[in-house]
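Visitor: I am new to this structure and would like to learn how to read it. Please take me through a few features in turn.

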Amino acid sequence: MNTSVFRCEAAEIRLTAATGDKVVLQGIDLDIGRQEFLCMVGGSGTGKTTLLRALGGFCAPTRGAVLYEGRPFDGPPEGVVTVFQDYGNALLPWRTVRGNVALGIEASVSGAEREARIDAALALVGLKPAESEYPAKLSGGMQQRLQIARALALQPRVLLMDEPFGALDAMTKSRLQDELRNIQASTGATIVFITHDVDEAVYLADRVVLLAGSPGCIVSEIRPDLPAVRNQIATKEMPAYLHARHTLLERLHGAAR
Ligand SMILES: Nc1ncnc2c1ncn2[C@@H]1O[C@H](COP(=O)(O)OP(=O)(O)O)[C@@H](O)[C@H]1O
Ligand SMILES: [Mg+2]
């Protein structure tokens, strides 16, 4: 049985800039399993965002293949939702917080169910009190949470997230990390999550892949051996957590040299 959701086979991605063509990613071999929580880490410019965009259907491989459910695809596949790093531009300024969350589900979900989904998504990210505000009045962290709420309201099968907690304060970040693992456990979603925070990667992930180089490629992967239900204090004191963190930091620094 093929349980992989995404499969990259010797994928190369070449992008065009004003200065000419550039190979951004090369030789990407990656299988992402159903319900897997995969984190991607790596230095700036190693192609993490580009790889996420390829999985989301926003750019195509120039060699090799990127498959979703065993098939090549063109544009975002149904059920695959991307949370972009550029949260400000992802929001509609003329819609309220609530209106922005409604955006993706207006056509497909109606009446009471729609309102209930919006309420649940807003509550998860702590934005219920701000539901009538407009995005311009929100802080960066709130705008980021709003984009996350909109993605969650869609109840995606696959969630692709580019440094989604980067602008959040430490407490909000820990709470959303735990919510995200809970959501994944209850919905069976597959999550691909970019972060530059090694602690966040080890805490969240079933598997962490490390990208390095230019063109970027996957140079290493680790599977933190942690209990399925994490705890912000106890998990981070476990030898397996400390070991995974140590290994990842060592490889990250090694890759940057
Ligand atoms: N649209 C584009 N056209 C040309 N080059 C790009 C484009 N987007 C990104 N790049 C280049 O690709 C490389 C990888 O970028 P990116 O995927 O954003 O890396 P990361 O997310 O790991 O920081 C960088 O050198 C960047 O300058
Ligand atoms: Mg990036």
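Guide: Start with one residue. Glu36 counts as buried because its relative accessibility is 9%, and buried means under 20%. This is a predicted model.

Visitor: Where does Glu36 lie?

Guide: Glu36 sits in the loop between strand E2 (20-33) and strand E3 (37-42).

Visitor: Which residues does Glu36 touch, leaving out those up to four places away in sequence?

Guide: Glu36 touches Asp31, Gln184, Ala189, Thr190, Ile191, Asp206, Arg207 and Arg223.

Visitor: What is the phi of Gln35, and where is Gln35 found?

Guide: Gln35 is found in the loop between E2 and E3. Its phi is near 65 degrees, a positive value in a residue other than glycine. Gln35 counts as partly exposed because its relative accessibility is 47%. Gln155 also has a positive phi, about 45 degrees, although it is not a glycine. Gln155 lies in the loop between helix H5 (140-153) and strand E7 (158-162).

Visitor: Now the ligand. Which residues come nearest to ligand 1?

Guide: Of the 13 residues around ligand 1, the nearest are Lys22, Gly45, Lys48, Thr49 and Thr50. The shell divides into three nonpolar, eight polar and two charged residues.

Visitor: Which helix and strands each supply at least two residues of the shell around ligand 1?

Guide: They are strand E1 (4-17), strand E2 and helix H1 (48-56).

Visitor: How is an individual contact with the ligand read?

Guide: Look at the pair of atoms and the distance between them. An N or O atom in the side chain of Thr50 is 2.5 Å from an oxygen atom of ligand 1. For Gly45, a backbone N or O atom lies 2.7 Å from an oxygen atom of the ligand. For Thr16, a backbone N or O atom lies 3.4 Å from a nitrogen atom of ligand 1. Taken alone, ligand 1 exposes 570 Å², and the protein buries 64% of that.

Visitor: Is helix H1 mostly covered or mostly uncovered?

Guide: The general idea comes before the case. An α-helix has 3.6 residues a turn, so residues three or four places apart point the same way. H1 is mostly covered, with seven of its nine residues buried. The buried residues in H1 are Lys48, Thr50, Leu51, Leu52, Ala54, Leu55 and Gly56. After H1 comes Gly57, which has a positive phi near 85 degrees.

Visitor: How is a pair of aromatic rings described?

Guide: Such a pair is described by the distance of the centres and the angle of the planes. The count in this structure comes to six aromatic pairs. One of them is Phe6 with Tyr68, a tilted pair with 5.2 Å from centre to centre and 45 degrees between the planes. This pair links distant parts of the chain: Phe6 is in strand E1 and Tyr68 in strand E4 (residues 63-68), 62 residues apart. Phe6 counts as buried because its relative accessibility is 0%, and Tyr68 counts as buried at 10% relative accessibility.

Visitor: What are the distance and the angle for Phe37 and Phe193?

Guide: The ring centres of Phe37 and Phe193 are 6.0 Å apart and the planes are at 50 degrees, so the pair is tilted. Phe37 lies in strand E3 and Phe193 in strand E8 (residues 190-194), so the pair ties together parts that are 156 residues apart in sequence. Both Phe37 and Phe193 are buried. Separately, Phe6, Tyr68 and Phe73 form one aromatic cluster.

Visitor: Is Asp225 buried or exposed?

Guide: Asp225 is exposed, with a relative accessible area of 66%. Asp225 is found in the loop between strand E10 (217-222) and helix H8 (239-256). Its C-alpha atom is separated by 13 Å from that of Phe37, 188 residues apart along the chain.

Visitor: Which side chains make polar contacts with the side chain of Gln232?

Guide: The side chain of Gln232 makes a polar contact with that of Gln177 at 3.1 Å and with that of Asp178 at 3.4 Å. Gln232 is in the loop between E10 and H8.

Visitor: Which residues does a cis peptide bond join?

Guide: The bond joins Ser214 and Pro215, with omega about -5 degrees. Pro215 is found in the loop between strand E9 (207-212) and E10.

Definitions and conventions
Residues are numbered from 1 along each chain as its sequence is written. Chains are lettered from A and ligands numbered from 1 in the order in which they are written. This is a predicted model: local features need pLDDT of at least 70, side-chain atom pairs count only at pLDDT 80 or more; totals for chains, interfaces and linings use all residues. Side-chain values use heavy atoms; hydrogens and water are left out. Helices (H or I, at least four residues) and strands (E, at least two) are DSSP runs, numbered from the N terminus. Buried means under 20% relative accessible area, exposed over 50%, partly exposed in between (1.4 Å probe, protein chains only). Contact means heavy atoms within 4.5 Å. A residue is near a molecule or strand if one of its heavy atoms lies within 4 Å of it. A polar contact is a pair of N or O atoms within 3.5 Å; within protein, one must be able to donate a hydrogen and the other to accept it, and residues adjacent in sequence count only if both atoms are side-chain atoms. Accessible areas come from the Shrake-Rupley method with a 1.4 Å probe; for residues, only the protein chains shown count as cover. Ala, Val, Leu, Ile, Met, Phe, Trp, Tyr, Cys and Pro count as nonpolar, Asp, Glu, Lys and Arg as charged, and the others, Gly among them, as polar. Rings of Phe, Tyr and Trp (its six-membered ring) pair if their centres lie within 6.5 Å; planes under 30 degrees apart count as stacked, over 60 as edge-to-face and the rest as tilted.
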